[in-house]
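Reader: I'm new to this one. Could you walk me through it?

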Amino acid sequence: MVQSVQPTESKLKSLAEMDSKHYLHPTTIPKKHADQGPKVIFSEGSGIHVKDVSGKRYIDGVSMLWNVNLGHGNKELAEAAQSQMSKLAFSSSFAGYSNEPAVHLAEKLSSLASGSLNSVFYTSGGSEANDTAYKLARFYWQLQDQPRKQKIIALKQAYHGVTIAAGTATHLTGFHKFGGTQFEDVFHATPHVTECEQGDKSHPSYKGCIRDIIESEGADTVAAVILEPVQGSGGVHLPPDGYMESVRDLCDEHNVLMIADEVITGFGRTGKMFGVDNWNVVPDLMCVAKGISSGYTQLGGVLLHDRIRNTIVQHDQMMAHGFTYSGHPASCAVALKNIEIIERDHIVDNVKAMETEMNKGLQYLEEKHHTVTKTRNIGLMGGFELYEDPATNKEFPFDLKAGLEVGEECFKRQLILRALGSADGKNVVAIAPPLIIQKQEVQDMINIMDEAITAFEKKHR
Ligand code: PMP
């Protein structure tokens, strides 16, 4: 890690003061932030570690926002950005303009994705990718002479971003309160009941599943189903056996497009290059961001199935859509280097090997701690839940915010994890370290979680 000179106490104080006064942060309460200042100000990082401005070192157990997949301080990624910026800092991608890294990356993404996902539309991040996918789905049906196919079905507990369309598909209602009116024509289905999607109408969860919504709204009004292969911010929910395949079949049966939101699950996170590859499912549109560049530069995109691209091409229609930073050369150069490293260093194999270690560690925590239950993990995307009494499904009182408290206990011990679901009374602790993590480092994380949960349990005995 780069050795920096530590700022003096007064410099740290003024940095915190400037932050509380001038910097409005996502998902913080501005009043509280103004009163208390930032929780931490990071200054540098190396591998799975980050340091704050006072020199304290933390394990980044969630790859910051599930995105720093190759870890911090990767010189090759920094050099890829620097070298591209010195050569050509920016070029438009509108109206036929192009640039070398964007072209190479488009070709590379097509070769990585299974099936016929052979072209990409670039965005700056995940929300824009999801908004773009909705527009593409609707555009596709308009061109197919089915303009009534406008509705989008997302899953309950989904997180698809915060722009107005993606934000409506996000089912974490706290996000809906911000900014008022929601996008029209978005429905939320009960997630993860394979039997219902396979057509078992007698199943108790059938009402409100994807199949039920498609059939009751009318397939001629539904453009697409969007889902995360593994739900992330909604609480790390893995689909049960057969679910992803059933959704694919259901979409085919009803002539509805399937959009996979791979913003977290893409680029190795689940132990396959893409989340859908765990189930051999090929979506019609696949949204990527975050791990595409390991968070070193902003980038997202939508991969299109040939069927969709060809329809647009055949109809000789303009893509009246695009962002200034669609195909940003430096971002694309970083993404190319990122993918090169993932392949060269067999990162996905490391994820598989570390998955085993993580599973062992989570199992240990569940066996040792009476409040820990429902541990789950795929690749390096996992978590556990805290219940007052797992045996009787008794949850902790809402106000206790048990997940946040355990997260805080970890943070005190210099491990960054993420508590999810507290707004809905759920206490999920999410774990998603950089994909370069090694066996001893997984063990270090488990040891800290062990201590943190012990401290929490002692307090609430
Ligand atoms: N989809 C998923 C599955 C995500 O997890 C996120 C971000 N956490 C987004 C979309 C939104 O991405 P962004 O914040 O880059 O807009």
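Predicted model: local features only at pLDDT ≥ 70, side-chain atom pairs only at ≥ 80, totals over all residues.

Reader: By class, how many nonpolar, polar and charged residues does the shell around the ligand have?

Author: The ligand is surrounded by 15 residues, and the closest are G125, G126, S127, G161 and V263. Sorted by class, the shell comes out as five nonpolar, two charged and eight polar.

Reader: At roughly what angle do the axes of helix 4 and helix 13 cross?

Author: Find residues 75-87 for helix 4 and residues 329-344 for helix 13. Helix 4 contributes residues including L77, A80 and M85 to the contact, and helix 13 brings A333, V334 and I341, among others. Nine of the contact residues are nonpolar, with two polar and two charged. The crossing is right-handed, and the axes come within 8 Å at an angle of roughly 150°.

Reader: Which strands stand at the edges of the open sheet of four strands?

Author: The order is 1-2-3-13, with mixed pairing. Inside that order, strands 2 and 3 run antiparallel, joined by three bridges, and H49 sits opposite I59 of strand 3. An edge strand has a single partner, so one of its sides lacks a neighbour in the sheet, and that picks out strand 1 (42-46) and strand 13 (415-416).

How values were computed. Residues numbered from 1 in each chain as written. Axes fitted to C-alpha atoms, helices over the stretch in contact; angles between N-to-C directions. Helix = DSSP H or I, 4+ residues; strand = E, 2+ residues; numbered from the N terminus. Left-handed = near helix turned anticlockwise from the far one by under 90°. Contact = placed C-beta atoms within 7 Å. Nonpolar A, V, L, I, M, F, W, Y, C, P; charged D, E, K, R; others polar. Pairing = 2+ DSSP bridges. Near = placed C-beta within 6 Å.
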